[in-house]
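Visitor: I'm new to this one. Could you walk me through it, one question at a time?

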Amino acid sequence: MLKMDHFNKLSELHEALGIKPPEHPLFSVAYGERDSCEGKGVIEFSSAFYIIGFKKLRSGSMQYGKTKYDHDRGSMSFVKPHQKVVFKNVELEEKGFLILIHEDFLPGTVLYNEIKKYGYFDYEVNEALHLSPSEEDIIWNLYFSIEKEYNNHTDELSKAIIVSHLDSMLKYAQRFYKRQFINRTQLSGVTITKFNALLAASFEERKIKEVRLPTVSLMAEKLNISSRYLTDLLKQETGKTALELIHLFLMGEAKNLLAEGELNISEISHLLGFENTTYFSRLFKKEVGTSPNKFKDQFLN
């Protein structure tokens, strides 16, 4: 079985990937051309770094999260610290870049909190960002600005300038992901349809046997996408998060059961999958605007 390495130093990952040592202990960039990037076999690791990469692979694959990214498509990818990554016989089709940002590089900068807000660091590899030619130009311009500063003689402004360019790159990535969601409206529609169908199936299953309350992670697993990508996809399409849509579905079923009048509040709560009746009642009042008992009384009186 392949041993997984954990890299705390940028120089360790540089060595493992066969690229020259970093100029800075906590931040590095690497530019790769087709002829200069030979496959390094299988490398399985986690690290203390944020990794931002753009690549078009000639052969091989990479994996982070639960899914594998094959070499037939180019993309921009984002990996957060302590996430398992696997590079398998990777060779670049054409130019690509790698940006490594150690966790310790960020304290005291605007990115310390900002970088945690970008959900795409939690996406699976098959949810990578596919850039249009004009978008690719923007990203490459930012990369070369970062690279130029990285290779210059360091002064008191170097870090601030690099962080500023990184901040812009991450903001553009956020914008481009939104475009990607919009351009995939047909895919999004299919996902939402499947999402609602899974919720309905889960509710029907609970009528027969004990199954847990549907969660975002469970729904995402069944749809074979990451929880964060599912939430962002649904938010773009419907204006609501996956959790909000789950709550709306459950409260819709609750209203129907209350109107039928055959079950009491505790039985409805249990049927819907809530372990705690108090939590069910609190959520119902929050979503519907009135308590379950008062809602039920409207139909029985």
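Here is a short chat about the chain, its rings and its helices.

Guide: Before we start, this is a predicted model, where local features need pLDDT of at least 70, side-chain atom pairs count only at pLDDT 80 or more, and totals for chains, interfaces and linings use all residues. Residues are numbered from 1 along each chain as its sequence is written, and side-chain values use heavy atoms, with hydrogens and water left out.

Visitor: How many helices and strands does the protein chain have?
Guide: Helices (H or I, at least four residues) and strands (E, at least two) are DSSP runs, numbered from the N terminus. For the protein chain, that comes to 11 helices and 8 strands.

Visitor: What share of the residues of the protein chain counts as buried?
Guide: Buried means under 20% relative accessible area, exposed over 50%, and partly exposed in between (1.4 Å probe, protein chains only). Of the 301 residues in the chain, the buried share is 46%.

Visitor: Which residues touch the most other members of the largest nonpolar core?
Guide: A nonpolar core is a set of buried Ala, Val, Leu, Ile, Met, Phe, Trp, Tyr and Cys residues joined through side-chain atoms within 4.5 Å. Contact means heavy atoms within 4.5 Å, and Ile99, leaving aside neighbours within four places in sequence, has contacts including Phe27, Tyr50, Tyr143 and Met169. In the largest core, with its 66 residues, the ones touching the most other members are Ile52 and Ile99.

Visitor: Tyr31 and Tyr143 form an aromatic pair, but at what angle between the planes?
Guide: Rings of Phe, Tyr and Trp (its six-membered ring) pair if their centres lie within 6.5 Å; planes under 30 degrees apart count as stacked, over 60 as edge-to-face and the rest as tilted. The structure holds 27 such pairs. Tyr31 and Tyr143 are a stacked one, 6.4 Å centre to centre, and the angle between their planes is 25°.

Visitor: How many residues apart in sequence are the parts that this pair ties together?
Guide: Tyr143 is buried, at a relative accessible area of 0%, whereas Tyr31 is partly exposed at 32%. Tyr31 belongs to strand β2 (residues 27-32) and Tyr143 to helix α3 (residues 133-151), so the parts they tie together are apart in sequence by 112 residues.

Visitor: Which ring does the charged end of Lys159 sit over?
Guide: A charge sits over a ring if NZ of Lys or CZ of Arg is within 6 Å of the ring centre and within 35 degrees of the ring normal. Lys95 does this with Trp140, at 4.9 Å from the ring centre. For Lys159, the distance to the centre is 4.6 Å, and the ring is that of Phe105.

Visitor: How far apart are the end C-alpha atoms of helix α8?
Guide: Buried residues of α8 include Ala242, His247, Glu253 and Leu258, and just after the helix Gly261 takes a positive phi of about 75°. The expected span of a helix is 1.5 Å times one less than its number of residues. For the 19 residues of α8 (residues 242-260) that gives 27 Å, which agrees with the distance between the end C-alpha atoms, 27 Å.
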